[in-house]
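Trainee: Please pick one part of this model and take me through it closely. Keep it brisk.

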Amino acid sequence: MVRVSEFDPSAFLDDDEVVAEYLTAALEDPNPDVFLAAVGHVAKARGISVIAERAGLGRESLYKALSPGAKPRYDTVLKVLQSLGVKLTVSPP
């Protein structure tokens, strides 16, 4: 029996360009949980506690906001993205 460990994208999110491409790809998915999960992976890569503090959130609140099915407030998402050093942009298809 071959044992395979679960893939952890956060281990590969060590470059700003990679992070931007990863989050952009996640935004293209119609399921909002995909984007929230991607933000969570980036936060993990950059340090959950650090990101939570920068965003003015408790660590548990950040986990809750990024969990599947969560409906975080827009301002919460913006604070987290700013804490990650990224911003949302809009462009025509």
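Mentor: Take α2 and α5: their crossing is left-handed (the near helix is turned anticlockwise from the far one by less than a right angle). Helices here are DSSP runs of H or I, at least four residues, numbered from the N terminus. This is a predicted model, where local features need pLDDT of at least 70, side-chain atom pairs count only at pLDDT 80 or more, and totals for chains, interfaces and linings use all residues. Residues are numbered from 1 along each chain as its sequence is written, and side-chain values use heavy atoms, without hydrogens and water.

α2 and α5 (residues 74-84) pack at about 40 degrees, with axes 10 Å apart (lines fitted to C-alpha atoms over the stretch in contact, angles from 0 to 180 degrees between N-to-C directions). From α2, the contact takes Phe35, Val39, Val42, Ala43 and Arg46. From α5 come Val77, Val80, Leu81 and Leu84. Contact means heavy atoms within 4.5 Å. Eight of these residues are nonpolar, none is polar and one is charged.

The largest share, five residues, is from α2. The pocket's volume is about 250 Å³. Of its 15 lining residues, the closest to the centre are Ala37, Gly40, His41, Lys44 and Tyr63. The lining holds nine nonpolar, three polar and three charged residues.

Confidence: mean pLDDT (0 to 100) is 94 for the chain, and 100% of residues reach 70 or more.

Technical notes
1 Å grid on protein atoms, 1.4 Å probe; cavity = no way out; pocket = protein on both sides within 12 Å on 5 of 7 lines; lining within 4 Å. Points joined across faces, edges and corners; volume = space filled by probe spheres on them. Helix = DSSP H or I, 4+ residues; strand = E, 2+ residues; numbered from the N terminus. Nonpolar A, V, L, I, M, F, W, Y, C, P; charged D, E, K, R; others polar. pLDDT = per-residue confidence, 0-100.
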